[in-house]
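Please open the model in a viewer and keep the selection panel at hand.

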Amino acid sequence: MASGVLFTGAYAQSKAPKVNSNTFGEIKARQIGPAVMSGRVAAVDAVQDDPRVVYVGAASGGVWKSKNGGVTFKPVFDEHTQSIGAIAIDQSNPDTVWVGTGEPWTRNSTSVGNGIFKSTDGGEKWTSMGLEETERIARIAIHPEDPNTVYVAALGHLWGANEERGVFKTTDGGQTWNKVLYVDENTGASDITIDPENPDILYAGMWTFRRTAYDFQSGGKGSGVYKSTDGGETWRELSQGLPDGRVGRVAVGVSPVNTDLVYALVESENTALYRSFDKGNNWEEINTSNSVKERPFYFSNIYPDPVDTGRVWKPGFTLYVSADSGRTFQTPFVEGGNVHSDLHAFWVSKEDNDYMYVGTDGGLYVSNDKGNTWRFIRNLPISQFYAISVDNEKPYYNVYGGLQDNGSWVGPSKSPGGIANSDWKNVGYGDGFNTFADPDDRNILYWQYQGGKIRRMNSETGEIKVIEPYPDENADNLRYNWEAPVYFGESGDMYVGAQYLFRSSDRGDSWERISPDLTTNDPQRQMQEESGGLTIDNSTAENNTTIFAISESPLDRNVLWVGTDDGNVQVSRDGGKNWTDVTGNLPGAPAKAWVSSVFASPYEEGTAFVTIDAHRQDDKKPYVYKTTDYGASWTSLVDENIKWYAHDIIQDPVNSNLLFLGTESGLFLSVDGGSTWSQFTGNVPNVAVHEMVIHPEMHDLVLGTHGRGVMIIDDLTPLRNLTAKAMEQDVAFLESRPYVIRLQNSIQGWNGDEEFVGNNSTSDAVITYYLKKRHIFGDMFLEILDDEGKVIDKLPAGKGKGINRVSWNVRKDPPKVPSSPTLTVGAIFGPTYSPGDYTVRLTKGDDTYTSTVTLMDDPESKHSDEGRAMQRKIANKAYDMLEDLAFLDKQVTTIQEKASEMAEKASGRNARNLKQLASEMEELHKELVATKEGDITGEVRMRERISDIYGGVINYLGAPTESQIQGLERLEARMQEKRERVNEVIEKELPKYNKALSKNGMDEITVMTREQYEANLEGGK
């Protein structure tokens, strides 16, 4: 016999535990959406012979596959980087699919990739095929006659120079690659296309570009249009008729119908669409309208129609189409056109050019009428959150956040039937960022869009008030980051950061500037009005030398921390009167790198955590630090397990050793204060985690991901108890939060399969325990015991190494009811067990371990204790009556069947008496149970009446109605009458019949006792 181990309260570590991703075992995140507003789709490809099979590449949400034209999708790339640049299906063998990672639409918030991948089984498994340092792949072209020959247009690094860029070619299915077109370390391939009639002819667009934290430059001497006539072995730059000066991003397209016809979209001082009728030897400028000039770095696509030589498609802010080979463009929308702006991905069927897909900043759309009208795909939860927050609504809190190009939204953490698209409500526009509920007034919301534009909204009246700080007499201009920080401290004060820190104690009606300029104020980093290169692109995304992160100590409102996007970490210990720049104390931190988060510890005033994101300096390494002395010294918390750069770090408010780190490549956990880290892989893919918050009452970890919406890890209590001491045990129970008894409501609706529905938290009580080793030999199971030591449930046990979780349905088994041709709807569920502590007994081989699981009434319930007690009493009374009725009816039908059988064998008076007894029992059975065949008979008998009352009582946790109580009493009295009659038959009449039957050598009529009946039920008879 082994003693049980349960850890609560103290979290001191005895030694560093051995932890990896498998340790967290069955603890899983659940995705709650939203998909009513999706995220940026960077790539799409479909099977030409069956366009219902489509692959969608999200900018930062992975690859999704549909086999039914988008009615349902499933993610197929979760084990790999979630930033997708290109997808190409081998149309000769559609099970072979290529994916190039790294988004090519090089905005400020774009993610990075790690090469090219291949699947030969329709996306079930993927193999890395190299090109890891290309960082972003713009296009993949498969040879139409030799699928082992593939070309890749690699853009290369966005934030720095590198040589692994240009056009790559493989002739052995990706085993080896040759770089066949390379200009220089600053120029990548923005596009590539193959002449379908002569696959030795290829066209490529080359692009010189660079982005920094404060600037973007498109264009340079390396940009241009290139052609090869020998399968990519040699290339020449095309120039006849193309612009002579500086060139930026280039897109190329060959008409599949007339391959002499080639188009090139060329960014230049006068961005234009060019056309060639002789395979690119000579070009003419044919269009300089806004439809082809708009935002060239972001909308660099041109698609000749595969059926109509005069038709050309140009995605941009909206979708444009030309019917005259590119001379003029207009939208195809006549009756519809309700499509999200910013189109990046496009696919049109070669068999039926009415059918097409487009990928936008807001998700995927499909058209079957040449783009006239569109159907939005409402089941791709690839929304891109920048910020996240929660409220304290009861019984289920709400989640708030801002989305890339999709405004600000609020949705519930749980909803009847799951969290549907309709549960999410839009509360703000623009690029959404920080969104909060007011701590004191549930009707007041704060939301923000790009460039520090902050709004306060009354959700009852719909009124919106502009509340961001404006320059005062000492400042001509305020510099707000594109993701300007808005922060509420434990004090209730509201903070906003420009280059100065502002504080408000009246909901933004007035502001106090409480700092000098806390940035480097470097004028070279303040040139955003000139950003863009050939095409000015000043969306405020390049605003720099600004405050990006704010944190107030929960222990002392006067301790304030600030991090800036140009590398400064500043601290004040007197409420902002004086500031200390502690940047130089961060060991190994790259100079002027983006401070992505600061977090003031809830344990010690001088303790704080900082993450630094240097990927904008072409450094993707993580930088994570901790100080315990107000920044005078720092310790690096990085180990070799953390992948890529970090966005956010938070410390658990109960266990100081439990840390959560959000990175560009997933969520990481430390249970030893940051000494070692492990990736959390329980339903969280390698997606960017931009912000995290721990709900103060429910103890859930809420993740705002930039590509997979909101994810929730319910109840951190077990992770808080995953200490070194616990992991030294063979078996250790890990405490979970008490189970709150609530009704699990549902809604009626049959909306089909097309919409995404987020998962609710489990409706079961969860028992969690840690196994030091996987259990292999011997029995292993769990039992639940009541306060009298009686086993009330037996459950299968998880046997894996690490954390195991077992769900316990806290209801009794459904009541046993008499058999009938009709379903007893009211008796589908058993009543909930009563509140209290229940013993959990784990049997593992010859050893047993014990713990407890607690059930409690909902503290927010409006029902009185007396009412809840009465509900349990009446529910259990009705439950027992149904089970008694089932036994009674079993006795009745047994007597009826055996009496009928014996009557056939007997004769004379005995036969007549037995037939009369059988007839009486048959009539009694019909009084107890509905017996008519059919789906809807309208027949209501005692079983149905009791079940109706029972079902009504268990589905309301307050006091039953007087009508229910009295109705049950009347049914109880009637059932007692029937019981007395059956007992009279068994005790007085059957002995007489049996005496006569025995005398004639016939079997006696026997009726089972209650004990025999229960034993048969337990044995499955």
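**Stop 1: helix H6**

Select helix H6: 10 of its 13 residues are buried, so the helix is largely enclosed by the rest of the structure. Buried means under 20% relative accessible area, exposed over 50% and partly exposed in between, with a 1.4 Å probe and protein chains only. Helices (H or I, at least four residues) and strands (E, at least two) are DSSP runs numbered from the N terminus.

This is a predicted model, in which local features need pLDDT of at least 70 and side-chain atom pairs count only at pLDDT 80 or more, while totals for chains, interfaces and linings use all residues. Residues are numbered from 1 along each chain as its sequence is written, and side-chain values use heavy atoms, with hydrogens and water left out.

H6 covers residues 942-954 and reaches 18 Å from its first C-alpha to its last, close to the 18 Å expected at 1.5 Å a residue; the expected span is 1.5 Å times one less than the number of residues. Among its buried residues are Met942, Ile946, Tyr950 and Ile954. Next, display helix H4 (865-905), helix H5 (908-928) and helix H7 (962-999), against which the buried residues of H6 pack.

**Stop 2: the whole chain**

Zoom out to show eight helices and 68 strands. The C-alpha atoms fill a box of roughly 120 × 70 × 60 Å along the principal axes. Of the 1021 residues in the chain, 60% are buried.

**Stop 3: Phe333**

Select Phe333 in the loop between strand E26 (319-322) and strand E27 (343-348). Thr373 is 40 residues away in sequence, yet its C-alpha lies 6.6 Å from that of Phe333. Beyond neighbours within four places in sequence, Phe333 is in contact (heavy atoms within 4.5 Å) with Thr318, Leu319, Gly371, Asn372 and Trp374.

**Stop 4: aromatic pairs**

The whole structure holds 35 aromatic pairs. Rings of Phe, Tyr and Trp (its six-membered ring) pair if their centres lie within 6.5 Å; planes under 30 degrees apart count as stacked, over 60 as edge-to-face and the rest as tilted.

Select Tyr386 and Trp482, whose ring centres are 5.3 Å apart with planes at 90 degrees, so the pair is edge-to-face. Tyr386 is in strand E31 (residues 385-390) and Trp482 in the loop between strand E39 (464-466) and strand E40 (486-488), so the pair ties together parts 96 residues apart in sequence. Trp482 is buried, at 2% relative accessible area.
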